Amino acid sequence: MTYTSRKTIPYDLREARVHTVGAGRAGGALNFFLAGAGVGALSSNDPQAVEPDNLNTFAFSSADIGAKKVKALKHRMALRENSTFRWLALPIQADEVDAFIQAADLVICCANTVPGRLVTEEKAIRYGKPMMQVAAFDGRDCLGGLISVRLLENSWSACAGCYLDPNRNWSPAGTLLSTVTSALAALAANMAVAILSGVHTQVFREKNLFYVDLETYAIEALAVQKRDGCPLCGKSTEMSND
Ligand SMILES: [Zn+2]
């Protein structure tokens, strides 16, 4: 039996499709939150297997060790009757992921490498999809992270290729607190629901980068302009005057 509460799901997102790149701490939590919000079609790609370090999250248990993260997540997601969850145990670079990107209304990247983030952004641009990036800071430096939102109508908006250095190894896995990644995922899911429903989206027309400080509990919203010569989106210069 399928039961949908109108009180807990104010927007009808049953037709909405979201693809998440990376099904680890942030990506796994995001899928749960989006399913709980009523998003009807979820999918995720991630080539990695569950390791003991992944167990301090609510997505995985010790029985999942060695299994692909996306497959383990599928078992948990099966409890969400209102959502379908499709998975691919492949990196974003794989051609097979493209069909998922093409079908999505929104692409969310929780990859833990810069190349993975740049390829996701490139594919989202190629297929004309709005996208978000969710990244936790290395917990040794500070607690918090960054969430970017790039709407198609924002011609001024930077993409990840505008500000991420492809040569920088930026992989904080191992020093992440699951409370931090879950908090970031919850904020990102809230933003995704706004974008998918088209309600409360004014802020995303003016700002595209959200610095989340989980030590002072402040969120700073920034407007980061496109960079001329960006290899992913930098075709024109008109947007910087918007
Ligand atoms: Zn760019």
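**View 1. Leu 184 sits in helix H6.** What you're looking at is a predicted model, where local features need a pLDDT of at least 70, side-chain atom pairs count only at pLDDT 80 or more, and totals for chains, interfaces and linings use all residues. Residue numbers start from 1 along each chain as its sequence is written. Helices (H or I, at least four residues) and strands (E, at least two) are DSSP runs, numbered from the N terminus. Is Leu 184 buried or exposed? Leu 184 is buried, with 27 other C-beta atoms within 10 Å. (Buried means 20 or more other C-beta atoms within 10 Å of a residue's own, exposed means 12 or fewer, and partly exposed is in between; C-beta atoms are placed from the backbone.) Leaving out residues up to four places away in sequence, Leu 184 touches Ala 26, Val 134, Ala 136, Gly 145, Ile 147 and Val 212. (Touching, or being in contact, means C-beta atoms, placed from the backbone, within 7 Å.) Take Gly 145: it is 39 residues from Leu 184 in sequence, yet the two C-alpha atoms are 7.0 Å apart in space.

**View 2. Here is the whole of helix H6, residues 178-197.** H6 has 20 residues and stretches 28 Å from its first C-alpha to its last, close to the expected 28 Å. H6 lies across E1, E4, E5, E6 (144-150) and E7, and runs at about 170 degrees to E5. (Axes are lines fitted to C-alpha atoms, for helices over the stretch in contact, and angles run from 0 to 180 degrees between N-to-C directions.)

**View 3. Now for the largest nonpolar core, which has 68 residues.** (A nonpolar core is a set of buried Ala, Val, Leu, Ile, Met, Phe, Trp, Tyr and Cys residues joined through C-beta atoms within 7 Å.) Which residues touch the most other members? They are Leu 106, Ile 108, Met 132, Val 134, Leu 184, Ala 188 and Ala 192. H6 gives the most to this core, eleven residues in all. Zoom in on Ile 108 and you'll find that it touches Val 18, Thr 20, Leu 30, Met 131, Met 132, Val 134, Ala 188 and Ala 192, again not counting residues up to four places away in sequence.

**View 4. Eight strands line up in an open sheet.** Reading across, the order is E3-E2-E1-E4-E5-E6-E7-E8, and the pairing is mixed. (Two strands pair if DSSP finds at least two bridges between them.) At the edges are E3 (84-88) and E8 (218-222), each pairing on one side only. From one strand to the next, the twist averages 15 degrees.

**View 5. Helix H1 (residues 25-36) packs on the sheet.** H1 touches E1 (17-21), E2 (41-45), E3, E4 (106-109) and E5 (131-136), and its direction makes about 175 degrees with that of E2. Its twelve residues reach 17 Å from first C-alpha to last, close to the 16 Å expected. Ten of the twelve residues of H1 are buried, so the helix is largely enclosed by the rest of the structure. Among the buried ones are Arg 25, Asn 31 and Phe 32. After H1 you reach Gly 38, whose phi is positive, near 100 degrees.

**View 6. Thr 20 is found in strand E1.** Thr 20 is buried, with 32 other C-beta atoms within 10 Å. Skipping residues up to four places away in sequence, Thr 20 touches Gly 27, Leu 30, Asn 31, Ser 44, Ile 108 and Cys 110. E1 and E2 pair in the parallel sense over five bridges, and in E2 the bridge partner of His 19 is Ser 43. Four of the five residues of E2 are buried, so that strand is largely enclosed by the rest of the structure.

**View 7. E7 (residues 209-213) and E8 pair in the antiparallel sense, over five bridges.** Val 212 stands opposite Ile 219 in E8, while Tyr 211 stands opposite Glu 220. This hairpin has four residues between the strands, and Tyr 217 takes a positive phi near 65 degrees. The number of buried residues among the five of E8 is zero, so E8 lies largely in the open.

**View 8. Last up is confidence: the protein averages a pLDDT of 89.** (pLDDT is the predictor's confidence in each residue, from 0 to 100.) A score of at least 70 is reached by 90% of the residues. Over residues 236-242 the pLDDT is below 50, and this stretch has ten contacts in the model beyond near neighbours in sequence. Where pLDDT is low, the predicted coordinates should not be read in detail.

How values were computed: Expected span 1.5 Å × (residues − 1). Core = buried A, V, L, I, M, F, W, Y, C linked by C-beta atoms within 7 Å. Contact = placed C-beta atoms within 7 Å.
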